Amino acid sequence: MNCKIAVIRGDGIGPEIVDATIGCLEAVAHRFGHTFKYAFPLMGGAAIDSTGVPLPQETIDECLNSDAVLLGAVGGPKWDNLATHLRPEKGLLNLRSALGLYANVRPAVLYEQLRGDSPLKPAITKKGINLVVVRELTGGIYFGPRGYRAGKYGQEAYDTEAYSKKEIERIAKVAFDVAMGRGKRVTSIDKANVLESSQLWRATVTKVAEQYPEIELSHMLVDNCAMQLVRDPSQFDVILCPNMFGDILSDEAAMITGSIGLLPSSSLGSTKLGLYEPIHGSAPDIAGTDTANPIATILAAAMMLSTSLELPKETAALEKAIKTILGKGYRTPDIYSTGNKKVSCSKMGELIALEVLNGK
Ligand code: IPM
Ligand code: MG
């Protein structure tokens, strides 16, 4: 199979984790007889530095012209003082929008071997964590009307949370479909005791649930969910969220697993084209030191193999290689503890790639 993958290395540790991942993809290609062609369009800080804007049109075209997009991470202090519309993050937001990627799927899993790394007490983690946040990605306050205006106390800035029924319906369907493939429970998050948009959210999700009689749907206020995630995360299967609540809760969900460096995410729309990236950010403090954990990005590549490229055997081989290498005790510094073997970012990539080539 010939596939074209648009690879956005990004900023900070982005290039390091992406390069380690490409090594693994090449191992997959070699073992299974595929050809992966890569294009390297720019986005974020790297694009600002070389073109003046965070998302050049060329990058959008290159992505639309590919089978999948693999992204490292964008942003960093160097670009923090730019106007909102010129910041690296704006590149990512506009790319999601331009590619129509309205559904962000973020699994948070507590790995047995890393149980001790969770900041939660053992009494809580012993019940395990295995949930997926399904976050609406191209609507809500991130994209609503915004600006400056004269307010009661002088000039004020505003952003608007707005959702249409159509946007809520399509993301609810994604959450229900994901839940059908796992625990068949969906917790829909809102702030319906305060926000109008949340009331429409709740009513619409309830209506869509009628098409999924097997799913157990419950509604939870966002503040309660933030609390429940640390009180008893084992209660959750699929958490369905509007954009901003999903941004916040998915960070929390990732953190409580103690393995933010291991968690991938996919952003999907109504075609097979998806964008795959680690949940974590660009970690500018360790950029260039070859100490980042590439596994979240490698797992994102596995999600890409499975979802956009529809290569299930290859996905399984890559996931198995990661488990084997972790099982042999290899650890990047973020998940290292005494008794394990500490390796660099590039070494971790090489070990997993070799395991893919050798594994049968
Ligand atoms: C994320 C990030 C982005 C977001 C930023 C970088 C724009 O925090 O993917 O969660 O807020 O969506
Ligand atoms: Mg975020």
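Begin by selecting strand β8, residues 185-190, together with β9: the two strands pair in the parallel sense over six bridges. Within this pair, look for Asp190, whose bridge partner in β9 is Leu221. Please keep in mind throughout the tour that the model is predicted.

**The open sheet**

Next, display every strand of the sheet to which β8 and β9 belong. Ten strands, listed as β2-β1-β3-β12-β11-β4-β5-β10-β8-β9, make up an open sheet with mixed pairing. Which strands stand at the edges? They are β2 (35-39) and β9 (216-221); each has a single partner strand, so one side of each is left without a neighbour in the sheet. From one strand to the next, the twist averages 25 degrees.

**Helices across the sheet**

Helix α4 lies across β1 (2-10), β3 (68-73), β4 (103-109), β5 (130-136) and β12 (274-278), and its direction makes an angle of about 150 degrees with β12. Then select helix α7, residues 196-209, which lies across β5, β8, β9 and β10 (238-241). The angle between α7 and β9 is about 170 degrees.

Is Ser265 buried or exposed? Its relative accessible area is 0%, so Ser265 is buried. Show the residues around Ser265: leaving aside neighbours within four places in sequence, its contacts are Asn104, Val105, Arg106, Leu275, Tyr276, Glu277, Ile279, Ala300 and Met303.

The next selection concerns nonpolar side chains. In soluble globular proteins, such side chains tend to be buried together. Here the largest nonpolar core holds 63 residues, and the members that touch the most others are Phe36, Phe176, Leu240, Leu309, Leu318 and Ile352. Helix α10 (residues 295-307) contributes the most to this core, namely nine residues. The core draws at least three residues from each of domain 1 (1-102 + 270-360) and domain 2 (119-256).

Centre the view on Leu318. Not counting residues up to four places away in sequence, Leu318 touches Cys24, Val28, Ile298, Ala301, Ala302, Leu305, Ile352 and Val356.

**Two helices side by side**

Select helix α8 (residues 222-231) and helix α9 (residues 243-256). Their axes come within 10 Å and cross at roughly 10 degrees. Angles under 35 degrees count as roughly parallel, and α8 and α9 are therefore roughly parallel to each other. Show the side chains between them: Val222, Cys225, Ala226, Leu229 and Val230 in α8 meet Phe245, Leu249, Glu252, Ala253 and Ile256 in α9.

**A hairpin**

Move to strand β6 (residues 146-151) and strand β7 (residues 154-159), which pair in the antiparallel sense over six bridges. How many residues lie between β6 and β7 in this hairpin? There are two residues between them. Select Arg149 and find Glu156, which stands opposite in β7.

**The two domains**

Finally, colour the chain by its domain assignment, which gives domain 1 (1-102 + 270-360) and domain 2 (119-256). The centres of domain 1 and domain 2, taken over C-alpha atoms, are separated by 26 Å. Seven residues from domain 1 and 11 residues from domain 2 take part in the contact.

Definitions and conventions:
Residues are numbered from 1 along each chain as its sequence is written. Chains are lettered from A and ligands numbered from 1 in the order in which they are written. This is a predicted model: local features need pLDDT of at least 70, side-chain atom pairs count only at pLDDT 80 or more; totals for chains, interfaces and linings use all residues. Side-chain values use heavy atoms; hydrogens and water are left out. Two strands pair if DSSP finds at least two bridges between them. Helices (H or I, at least four residues) and strands (E, at least two) are DSSP runs, numbered from the N terminus. Axes are lines fitted to C-alpha atoms, for helices over the stretch in contact, and angles run from 0 to 180 degrees between N-to-C directions. Contact means heavy atoms within 4.5 Å. A nonpolar core is a set of buried Ala, Val, Leu, Ile, Met, Phe, Trp, Tyr and Cys residues joined through side-chain atoms within 4.5 Å. Buried means under 20% relative accessible area, exposed over 50%, partly exposed in between (1.4 Å probe, protein chains only). Domain bounds come from an automatic or database domain assignment. Angles under 35 degrees count as roughly parallel, over 145 as roughly antiparallel, 65 to 115 as roughly perpendicular and the rest as oblique.
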